[in-house]
Amino acid sequence: MRTKSTLENYVFVLPAVLIFSIFYIVPFIWVCRYSLHDWDGIMPIMTYIGLANFKEIIQDKIWWGSMLNAGYITLIALTFQNALAFLLAWACDREIRLKNFYRVIFFIPPVLSEVVVGLVWQWILDGNYGLLNHWLSHLGFPNLVRNWLSDPQTALTTVAIVHSWKGFGWGFLIFLAGLQTIPRELYEAARVDGANAWYCFRKVTIPLMIPVAVLVAILTVLGTMQAFVLIIAMTGGGPAYHTQVPVLRILASMRGSSRFGYACAQGLSFGLILIAISFIQYRFSKRARQV
Amino acid sequence: MSKSKILKFVICAYVFGILINGCAPKKEAQKQTISVWHWMTDREAAFFELAKRYEAQTGVKVNFELYAPSDAYSQKVRAAAQGINLPDVFGILGEKRDFASFIKAGHILDLTPCMEENSGSWKESFFSKALAINEFREGNSYGVVPGIYGVPIDIMTIQMVYNKNLFKRLGLNPANPPVTFQEFLDIGKKIKQANMQGLVSGWGEVWMIDCLANNYAFNIMGKDKVLATIKGEVPYTDPDWIKVLSLFKDMQDSGVLASGIVTMVNKTAEQLFANDRAVFAFNGSWCVNVYKGMNPDLDYAAILPPKVSDKYPMMIWGGAGSSFMVNARSKNKEAAVKFLMWLTDRDQQAYLAEATNNLPANKNSLTKIPEILAQFAKGMEFATHPSIWGVSEFSAVIEAFDKGIQSIIIGEKTPEQVASEVQKIKERELAKRR
Amino acid sequence: MLIHLFLITIAATCLFPLVWMISSSLKTQGEIFRDTSLVPKVFHFENYYLAWQEGGFGRFFLNSIFYTASVVIGIVIVASLAAYAFSRLRFPGKNILFFMFMAAMMIPIPGSFVPLYILLNKLHLRNTALGYILAMINVGLSTSIFLLKTFFDKMPTELEDAARIDGCSKLGIWWNVALPLAKPVLAVVVVFNALTVWNEYVLALIIFDSRALMPLQVALMTFQGEFITRYPLLMAGLTITALPIIIIYLLMQKYIVKGVTAGAIVG
């Protein structure tokens, strides 16, 4: 009886596991194999070099620099992007005018192709003809005018902000879904007990939203650390290495220097780091929930 | 949505799917077909027209398939190579080193015998520099059997262009472009005063920086010393190299570089120059077509980069623009080669050149090309290209060099610093290979 | 009042690129970067017709719709089954399997196109719609399972217990109780995967050889030439491709809005 039940349970996960094994595990094993070889992706023979690729990665200063850059962008995403997403979701959760209009508009950035986003923002941020500088000088801040995307001091932050702009729609969506599933009765019960809006927020909204916030945080970290398309479109990873990110390095190894094995090793190291970060996030959130 | 509705949708979707699968075109059995994979969006229409003409003449069908953008095209070719699924004719985008690997892996047909037939009639019809890019010489460092492995279908050069209207606005004579580097820098000062933008180029895509730096390197120290550096016999900390790097600092200080050039993609640079927003541009001959599309009234001319020294000639990068190779395992090898011979013949090259505003690879097709293209063509005299030197620099070194120049331009590093960093990376790479 | 100002400002920044895209699609190549006004002087609606014709949109549009629909339906079923099992059912190896799926989300394998190509080739699925659909189901699988499991975890168990007492099978509970309750999250999963598949083009370009199977994005990319980008047509094409996703979102966001009313639990 017990075995029959367990077997039934396996049926539930069978399709997922099947597809996953074929389309992820097999290529993954291949990639692991490649990472232990020196291969250019074309020749039919590869040279086995053991862990040499990984040793090289540890000493690759540019690689770690790109990790820091990605980390910085992710930090901005975790704070700025998600705070924005939550505020907007909370604002749209209540009964306000044009609620539906806003709900659609806020999801436009994720829908837009990176081509359009890259072009438009490049135009807005252009050092000489851009809209941003135009408004800054007209509003009385001419000293703030600069070449946002090529100035080494502002390039990374600018890229991070544009990235957050494109991504907040997802957080908004998930937060809204989360807020919508909080039963209204809980709010009413609290109000009947004489609570004000802030109390409701603190005692009802926040505790119930923590799992959702953790979900969004994990997804944000994973998504933002792996970002690269927008960056290629706006700065190409420059100036020098200021906006370089890990996936761009992997692509450079694959295409630029034809070091397929090294690229695979980079991908695996990156993955291990992301797993470690997510694990820490998860533990941290568990403890936060217990508090 | 009720259960039955969902079920109905699913069934419809899958039936649709089977239908689509069934309607996938079956292999064109009888008629001989040559499949060509290319990435040249701008020439698709011209290619289709040529395919039609070829079929009318010979009865052989040619299937041009476009896969864009070029990055994705490259990946597709490499994946297909791994799966031994390459088409009859295709191109290889990338460095000579990759080309060599494809040949050594057995994917590319050696065209030397066909080229040498009839006392080399096919070979002689090309500009020698265009063919050189597809050639591997005796004693090449890639370990490839010497021979000609590809066919150029156009040529291009990368030079400087200047806007005649903006020259007038600066009070300069548009018929007198700068010839020396100092003249160039002086114009830079004028540009800065007039608050205009100077040189634009896709220096966010580092290879263009490499091109100009390399041009000046040839001008300052001559070809032999440059090649010796690549071979590791001369260090990058040599004063001549530091001079090359300092040129970029001088350009930045004089104001002749447009702001934001270090993160500019070439398409943005083209768009700026085409719309009269930049005085100079460093770009390839393909730009003629691009500028024409954006601003047919643009008044500009092409020149060599202003020289620094008179000791050695100023060289530019030029040679084959796009080339096609034949799949060595193809079942239609001979037919494919015949088609390529036809494609690079005088009339077809003239048609391509006219239709797409590119320079033909066939020497005899240079009849009616617009004046501006003729200026680019003149540059072929001074053209060289990394692919014909027989040696390649390590990509880590090239990256450090180019990114180092970016750092110099934004003022973060000095030429001496960059030179020593690049040399360190060079030594590290050399040590690895031992 | 402040809230409204805040919302409007953000909304304006979101709308701007969309408006720019549409306005560019109505200009000519020469005008796009020269004439910077948002309203073009002459409305070149023919760009849409040209983009449709030259891009061969008809067939590719249908292909994309088919792929997106198949993948979304596939993922909804496969991922929700698995997520439900991870959340509510017990079986040995559950944690290991779940960890594997989570790890997949975190390890990007940019080099995976080549092994995938060879794999599909060996399975004779390479130049087929089925192969592409299965590969794309895999792409969104981990994240979807993660989203759904998180939701199922915090779902109250009373309804399921009630159904079990009524004699419902596990599958029945999944279909009749869990899925309807999960509508908001399912809507997110639908939108997320629809967007991913709709915008995908690299894998399609690599594994498909026959033009007839190509999705829309591949056709779109051909406007972005190596040297010349035909901006008006590209923008027209991008606008056309953005529409279906916006429609899917409009349909799905209704479910996110409705959410769960506690009435079901009490009554």
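Is B:Lys225 buried, partly exposed or exposed? B:Lys225 is partly exposed, with a relative accessible area of 24%, where buried means under 20% relative accessible area, exposed means over 50%, and partly exposed lies in between (1.4 Å probe, protein chains only). This is a predicted model, in which local features need pLDDT of at least 70 and side-chain atom pairs count only at pLDDT 80 or more, while totals for chains, interfaces and linings use all residues. Residues are numbered from 1 along each chain as its sequence is written, chains are lettered from A and ligands numbered from 1 in the order in which they are written, and side-chain values use heavy atoms, with hydrogens and water left out.

**Where chain A meets chain C**

- Chain A brings 80 residues to the contact and chain C brings 87 residues; contact here means heavy atoms within 4.5 Å.
- About 7,500 Å² is buried between chain A and chain C, and carbon and sulfur atoms give 82% of that area. Buried area is the accessible area (1.4 Å probe) that two parts lose on being put together, summed over both.
- On the chain A side, A:Phe12, A:Phe20 and A:Phe23 lose the most area to chain C, together 11% of what that side buries.
- The rule finds 1 salt bridge across this interface, a salt bridge being a side-chain nitrogen of Lys or Arg within 4 Å of a carboxyl oxygen of Asp or Glu. C:Lys170 and A:Glu8 form a salt bridge, with their closest N and O atoms 3.1 Å apart.
- Helix 1 (residues 2-35) of chain A gives the most to the side that touches chain C, with 23 residues. Helices (H or I, at least four residues) and strands (E, at least two) are DSSP runs, numbered from the N terminus.
- One aromatic cluster is formed by A:Tyr10, A:Phe20, A:Tyr24, A:Phe28, C:Phe86, C:Phe91, C:Phe98 and C:Phe101.

**Salt bridges**

- Side chains of opposite charge can pair when their charged atoms come close. Over all chains, a search of the whole structure finds 27 salt bridges.
- B:Lys225 and B:Asp238 meet in a salt bridge (3.1 Å, N to O). This pair links distant parts of the chain, 13 residues apart: B:Lys225 is in helix 9 (residues 207-231) of chain B, and B:Asp238 is in the loop between helix 9 and helix 10 (239-254). B:Asp238 is buried, at 17% relative accessible area.
- B:Lys432 and B:Glu429 also meet in a salt bridge (3.3 Å, N to O). They sit 3 residues apart in helix 17 (residues 415-433) of chain B, so about one helical turn separates them. B:Lys432 is partly exposed at 35% relative accessibility, whereas B:Glu429 is buried at 4%.
- Salt bridges that share partners join A:Glu56, A:Arg259, B:Arg428, B:Glu429 and B:Lys432 into one network.

**Aromatic pairs**

- The whole structure holds 60 aromatic pairs over all chains. Rings of Phe, Tyr and Trp (its six-membered ring) pair if their centres lie within 6.5 Å; planes under 30 degrees apart count as stacked, over 60 as edge-to-face and the rest as tilted.
- A:Phe107 and A:Trp170 form an edge-to-face pair, because their ring centres are 5.0 Å apart and their planes are at 90 degrees. A:Phe107 is buried, with a relative accessible area of 2%, and A:Trp170 is partly exposed, at 22%.
- B:Trp39 and B:Tyr73 form a tilted pair, 5.0 Å centre to centre with 55 degrees between the planes. B:Trp39 is buried at 3% relative accessible area, and B:Tyr73 is buried at 1%.
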